[in-house]
Protein chains: 4
Amino acid sequence: MIVVLDPECSLKEKAAVVRYVEQQGGRLLVSVVGEETHIGLIDSEAQALAPEIEMMAGVSEVRGVAPPYPHVSREYQPGPTEVRVGDVTIGGEEVVVMAGPCSVENAEQLEAVGRSVAKEGARMLRGGAFKPRTSPYSFQGLGEEGLALLLKVGAETGMPVVTEVVAPEDIALVASYADMLQIGARNMQNFRLLSEAGAQEKPVLLKRGISSTVEELLLAAEYIVSAGNSRVVLCERGIRTFETATRNTLDISAIPVLKQKSHLPVIADPSHAAGERSLVPHLARAGIAAGADGLLVEVHNDPETALSDGKQSLTLDGFADMMDKLRGVAAAVDRRL
Amino acid sequence: MIVVLDPECSLKEKAAVVRYVEQQGGRLLVSVVGEETHIGLIDSEAQALAPEIEMMAGVSEVRGVAPPYPHVSREYQPGPTEVRVGDVTIGGEEVVVMAGPCSVENAEQLEAVGRSVAKEGARMLRGGAFKPRTSPYSFQGLGEEGLALLLKVGAETGMPVVTEVVAPEDIALVASYADMLQIGARNMQNFRLLSEAGAQEKPVLLKRGISSTVEELLLAAEYIVSAGNSRVVLCERGIRTFETATRNTLDISAIPVLKQKSHLPVIADPSHAAGERSLVPHLARAGIAAGADGLLVEVHNDPETALSDGKQSLTLDGFADMMDKLRGVAAAVDRRL
Amino acid sequence: MIVVLDPECSLKEKAAVVRYVEQQGGRLLVSVVGEETHIGLIDSEAQALAPEIEMMAGVSEVRGVAPPYPHVSREYQPGPTEVRVGDVTIGGEEVVVMAGPCSVENAEQLEAVGRSVAKEGARMLRGGAFKPRTSPYSFQGLGEEGLALLLKVGAETGMPVVTEVVAPEDIALVASYADMLQIGARNMQNFRLLSEAGAQEKPVLLKRGISSTVEELLLAAEYIVSAGNSRVVLCERGIRTFETATRNTLDISAIPVLKQKSHLPVIADPSHAAGERSLVPHLARAGIAAGADGLLVEVHNDPETALSDGKQSLTLDGFADMMDKLRGVAAAVDRRL
Amino acid sequence: MIVVLDPECSLKEKAAVVRYVEQQGGRLLVSVVGEETHIGLIDSEAQALAPEIEMMAGVSEVRGVAPPYPHVSREYQPGPTEVRVGDVTIGGEEVVVMAGPCSVENAEQLEAVGRSVAKEGARMLRGGAFKPRTSPYSFQGLGEEGLALLLKVGAETGMPVVTEVVAPEDIALVASYADMLQIGARNMQNFRLLSEAGAQEKPVLLKRGISSTVEELLLAAEYIVSAGNSRVVLCERGIRTFETATRNTLDISAIPVLKQKSHLPVIADPSHAAGERSLVPHLARAGIAAGADGLLVEVHNDPETALSDGKQSLTLDGFADMMDKLRGVAAAVDRRL
């Protein structure tokens with residue numbers, strides 16, 4: 001429910017409305033939308049307060065709100081959210097490229113990749129230390145040793161670090177090393193993990209589940225934001241369809257759809273969508289053209305020997321080539337890289 | 001890799017093979033397949049031991065194994081596994097019906113449903129105390145209070161209890177009340193949860209993810225079994241497709257496919273697949289006809305007021321009617337209810 | 001729009017209503033539903049006649065109808081339709097098994113298969129003479145020579161023949177040999193073919209498109225029925241999903257859903273759904289248990305050498321074994337084979 | 001099978017190879033690939049000629065070819081095909097925009113739309129005269145009257161016309177008015193229509209079926225090309241997935257995948273993919289960024305009153321705005337609009 005205040009509403013009148021809602025046990029969000037000031041009421045019981053509020057001084061209108069994800073909806077906050085990670089801003093004019101290996105394997109690998117992608121314009125370092133793997137017999141990541149390497153290489157190259165967390169009990173550990181927590185596709189509906197990521201302070205990169213709808217992604221983000229952490233970035237990374245020519249099907253439409261429905265930044269992961277190196281630059285260009293606020297890209301110094309996802313990882317040279325072309329596409333849509 | 005022993009192999013020779021594998025750090029499974037004794041080697045490094053083992057006394061053959069889920073594969077254990085839960089056997093001649101409400105709501109509800117389904121032939125009691133919900137604003141379950149009610153009504157009606165666990169840190173609590181732990185569709189690839197469910201002793205009901213392949217389900221089961229718990233039952237509960245006439249699409253073929261590929265019991269959940277009460281008996285009949293070892297069915301004493309999944313819950317009378325017809329179908333495929 | 005007549009309505013009053021509708025250019029369907037007589041008006045302009053009709057003697061009520069496929073909807077005709085093909089009735093108590101090879105290859109093959117399946121209880125002979133093939137380099141069928149063989153073997157074995165027609169210009173030819181025309185999955189939205197199949201007299205077996213919804217299937221049937229041919233049988237044959245363990249995913253729920261929404265008979269094709277012989281009997285049993293009025297099954301005397309679909313064709317012995325078990329399942333759901 | 005000629009091969013030697021293949025009943029394609037001259041043999045029996053051909057003078061190598069769609073494969077013809085339609089070239093440096101209404105409704109509508117889109121840079125006029133509609137009660141198109149309007153407005157605005165043909169028996173009529181024949185998604189596997197479109201001379205725009213794989217699309221194109229018409233343009237228009245936030249899911253990856261596998265031009269249809277006007281410009285930009293050779297866009301002078309697809313049709317102003325931005329994206333990927 002949104003309470004729209006009259007343009008002539010005094011601060012005192014506004015405070016009275018806020019106080020009333022809080023006394024009734026309601027939670028609220030205040031935002032300014034063009035000329036209008038909105039007070040958003042989150043709780044489902046809010047509707048019961050409507051008759052009383054409509055009568056209060058300074059209130060011009062009370063509107064119901066359809067979307068079941070009020071905190072992340074454009075109806076509550078019409079302007080875009082910018083999420084800061086270290087000195088990087090996601091959701092502003094700049095398209096933020098996050099690059100690095102799928103898994104952190106050792107210091108040499110991470111340094112080689114980190115230095116190279118930083119030089120070519122990547123702004124954040126990605127890399128997995130805790131890996132959710134379909135088979136129990138696949139490489140499960142270096143754990144804390146990998147986190148320490150990420151911290152070191154991030155600092156050396158001036159890039160904030162984003163890395164995945166796979167269980168609530170690991171959040172404190174991962175957050176002590178990383179600048180941003182990634183919640184992967186397989187955990188998008190691990191609601192305990194979402195709630196606990198919402199109860200800490202580091203920004204969260206939330207990837208869409210492989211067969212989750214746009215609405216389910218927004219509801220998952222609502223779990224995090226409603227628990228208190230509004231610094232959430234959404235990531236489209238390909239969905240599961242009947243088509244097997246690519247690993248997943250990049251749902252390019254989800255980028256503008258998410259940006260219409262939500263004020264949160266949206267990035268694209270062309271690597272997992274494609275599953276094949278030669279397609280990644282094409283999907284990266286398409287992602288930016290469709291309005292993505294950033295890219296998450298897998299890069300490896302020696303993809304043939306990678307412990308995971310080698311087939312879809314760009315080489316160092318491939319990454320450099322891709323970045324060159326991306327600058328023109330970003331400029332064409334009034335962004336910069 | 002499977003080591004097939006010679007029928008003439010002595011126990012001493014057999015022990016020597018086992019000892020050799022263990023000294024080399026390998027893990028193994030011994031099983032008797034018809035006339036043959038098999039020693040299965042799980043680890044991927046096992047292949048390196050093959051030349052040595054082939055030369056040992058009592059060994060007739062060393063075979064590679066294709067499936068990436070050795071513990072749950074029919075190639076390792078050709079005969080079916082029976083999983084006992086209390087005095088109920090899943091995977092034997094009897095088709096086991098597990099019934100109860102989606103969510104445990106209060107004592108009256110659970111007692112009414114529990115007594116009624118027990119009288120009509122249900123052998124286990126189901127009910128959710130911890131509910132994974134797509135929206136943070138939906139009813140999240142009664143928690144431990146719900147577990148206590150399940151324990152009480154299960155004891156009163158003589159039915160072992162199966163209930164969902166949604167996070168590794170809840171396993172001990174849930175296992176202290178329930179006879180069988182359910183891992184739901186959204187957590188099928190919560191690998192930490194799988195591993196920890198494999199490190200305790202209660203049997204596990206593992207539901208297929210909404211867009212997981214049969215192979216991914218078997219790999220998820222492999223996480224549990226390879227962690228030490230071989231009492232796993234698989235559950236087909238409908239997959240996500242383009243069709244919206246039903247909530248999900250029951251993949252009826254998955255039942256015989258799973259039983260061909262794995263020795264684990266397989267049950268069907270017609271309620272979540274259908275999403276609509278009137279379809280449930282049809283899908284239940286189809287599931288048994290296709291070879292399911294059991295059914296997981298939602299029943300409510302007053303579906304219109306249910307806090308979750310009311311639309312797909314059978315009424316008490318509806319459940320009784322369904323059971324009547326199921327007996328004939330079970331008999332037609334040489335099973336009993 | 002449905003005009004419900006008063007129980008006291010005289011035949012003269014009824015005739016006046018009919019005459020009025022026809023004079024206004026409307027088309028109608030008269031049916032008796034329980035105690036009520038209904039006059040269904042098909043055309044979208046029918047709504048304009050409502051005020052006038054409501055005032056006429058003998059009319060108790062005028063109802064709008066939601067489904068966009070009025071002719072095939074249960075709301076128009078609540079009782080089930082039985083479709084007769086030769087001396088076989090589809091949609092009655094008997095579950096009708098249609099069996100034969102995917103493609104008619106030569107006289108020896110068709111005779112061997114036809115005699116064997118007739119002996120085991122098949123009631124209709126299936127076989128393709130015009131084959132729609134994904135590749136232009138695959139076997140395209142024997143054409144008219146194949147039709148002649150079907151006619152001959154059908155007559156010898158006492159089974160009416162169903163065979164596919166792939167283009168409007170072939171309908172007359174195929175109808176001159178076959179007892180029932182099959183419209184395949186790839187042509188389910190070949191609207192010209194549908195309309196022309198509706199403008200001739202032979203009954204039509206309409207297979208669901210590989211990614212068509214239940215509603216689209218009913219709309220395709222509406223093309224045929226609204227063109228004048230009400231003898232239509234629907235066939236669920238598996239849909240395309242992400243799962244690759246089977247050729248297609250048999251949408252078992254579609255069987256009861258179609259029977260709830262439409263009065264037309266519904267059969268299942270377990271062969272194309274499975275794509276693999278060993279699964280066919282399981283899916284056939286499930287289909288009958290779910291309420292199918294018949295089965296369409298591929299059988300070959302030497303599947304290894306089949307020119308198409310050998311992998312999913314039952315052997316002659318496999319068909320016999322399957323039929324034995326099916327009898328019990330049919331009996332359990334109050335049908336017979 | 002590909003016969004690679006020696007760089008030193010004389011024309012006489014080359015002619016001898018060609019003559020030999022033709023005498024044996026084989027069909028062939030000659031192409032120049034970089035420095036190499038290739039003779040492609042289409043027929044599956046070609047393999048039998050390999051030993052003889054390998055011995056002939058001027059032949060350096062005989063290679064087998066994997067893809068089942070030889071005529072349209074990059075392995076046969078590594079360079080891109082350019083398809084000319086009137087004075088427009090599809091597959092060259094220019095990105096070709098085809099625009100117009102979903103259905104031709106009347107002269108005023110088509111003229112208003114045609115003039116406007118031509119002025120803004122569209123190079124071809126699209127519009128449906130024969131409409132394949134899911135419901136028999138929907139508007140089915142103006143037929144020949146619509147074709148005549150397209151011819152007239154195309155001539156007035158200097159744009160070649162592309163329009164859909166839905167049945168083999170209509171090809172001659174449609175081809176007598178249109179510059180390019182469109183085969184729609186629902187007819188992508190109408191093999192009779194494909195073959196007959198291959199047996200005439202007008203270029204063909206082949207749209208991907210709503211649930212067809214990339215390989216099936218290429219096999220459908222192979223039907224046309226192998227029947228003699230090599231002027232085929234492929235069109236990605238969205239596939240059916242579980243996501244309902246958009247009408248279909250634009251498979252953006254299919255654009256680079258098709259261009260890797262085939263030498264045929266590939267265009268994108270953002271209108272049908274999105275199903276919603278506000279998303280179309282985003283998808284159009286993404287399509288060009290991903291490498292599309294053109295766009296097929298629905299535009300209407302009064303979308304609210306359109307007889308079909310109004311919701312996804314751009315307004316005249318919306319089209320103009322979109323074109324402005326597209327120029328920059330095209331330039332960024334070394335193309336022009």
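This is a predicted model: local features need pLDDT of at least 70, side-chain atom pairs count only at pLDDT 80 or more; totals for chains, interfaces and linings use all residues.
The size of an interface is often given as the accessible area lost when the parts come together. Between chain A and chain D, about 2800 Å² is buried, and carbon and sulfur atoms account for 69% of that area. Chain A brings 35 residues to the contact, and chain D brings 35 residues as well. Charged side chains take part too: four salt bridges are counted between the two chains. One of these salt bridges pairs A:Arg208 with D:Glu243, with an N to O distance of 2.7 Å.

Turning to the elements involved, the side of chain A that touches chain D draws at least two residues from each of helix H8 (254-261), helix H10 (280-289) and helix H11 (316-332) of chain A. H10(A) gives the largest share, with five residues. By residue type, this side of chain A is made up of 17 nonpolar, eleven polar and seven charged residues.

The next point concerns how the copies are arranged. Chain D can be superposed on chain C by a rotation of 179 degrees, with 0.0 Å of shift along the axis and an RMSD of 0.2 Å. This is the relation of a two-fold axis. Within chain D, the residue that comes closest to the rotation axis is D:Ser211, whose C-alpha lies at 3.0 Å. Of the interface residues of chain D, 100% are also interface residues in chain C, so the copies meet through the same surface.

A closer look at chain C brings in its helix H8 (residues 254-261), where the buried residues are C:Ala254, C:Ile255, C:Pro256, C:Val257 and C:Leu258. Their cover includes parts of two chains: helix H10 (280-289) from chain B, and from chain C itself helix H7 (214-226), strand S12 (232-236), strand S13 (266-268) and helix H10 (280-289).

D:Gln109 belongs to helix H3 (residues 107-119) of chain D. With a relative accessible area of 3%, D:Gln109 is buried. Leaving aside residues up to four places away in sequence, D:Gln109 touches D:Pro101, D:Ser103, D:Val104, D:His300 and D:Asn301. With D:His300, the side chain of D:Gln109 forms a side-chain polar contact of 3.2 Å.

Definitions and conventions
Residues are numbered from 1 along each chain as its sequence is written. Chains are lettered from A and ligands numbered from 1 in the order in which they are written. Side-chain values use heavy atoms; hydrogens and water are left out. Contact means heavy atoms within 4.5 Å. Buried area is the accessible area (1.4 Å probe) that two parts lose on being put together, summed over both. Helices (H or I, at least four residues) and strands (E, at least two) are DSSP runs, numbered from the N terminus. Ala, Val, Leu, Ile, Met, Phe, Trp, Tyr, Cys and Pro count as nonpolar, Asp, Glu, Lys and Arg as charged, and the others, Gly among them, as polar. Copies are superposed by least squares on the C-alpha atoms of residues with pLDDT of at least 70 in both. Buried means under 20% relative accessible area, exposed over 50%, partly exposed in between (1.4 Å probe, protein chains only). A polar contact is a pair of N or O atoms within 3.5 Å; within protein, one must be able to donate a hydrogen and the other to accept it, and residues adjacent in sequence count only if both atoms are side-chain atoms.
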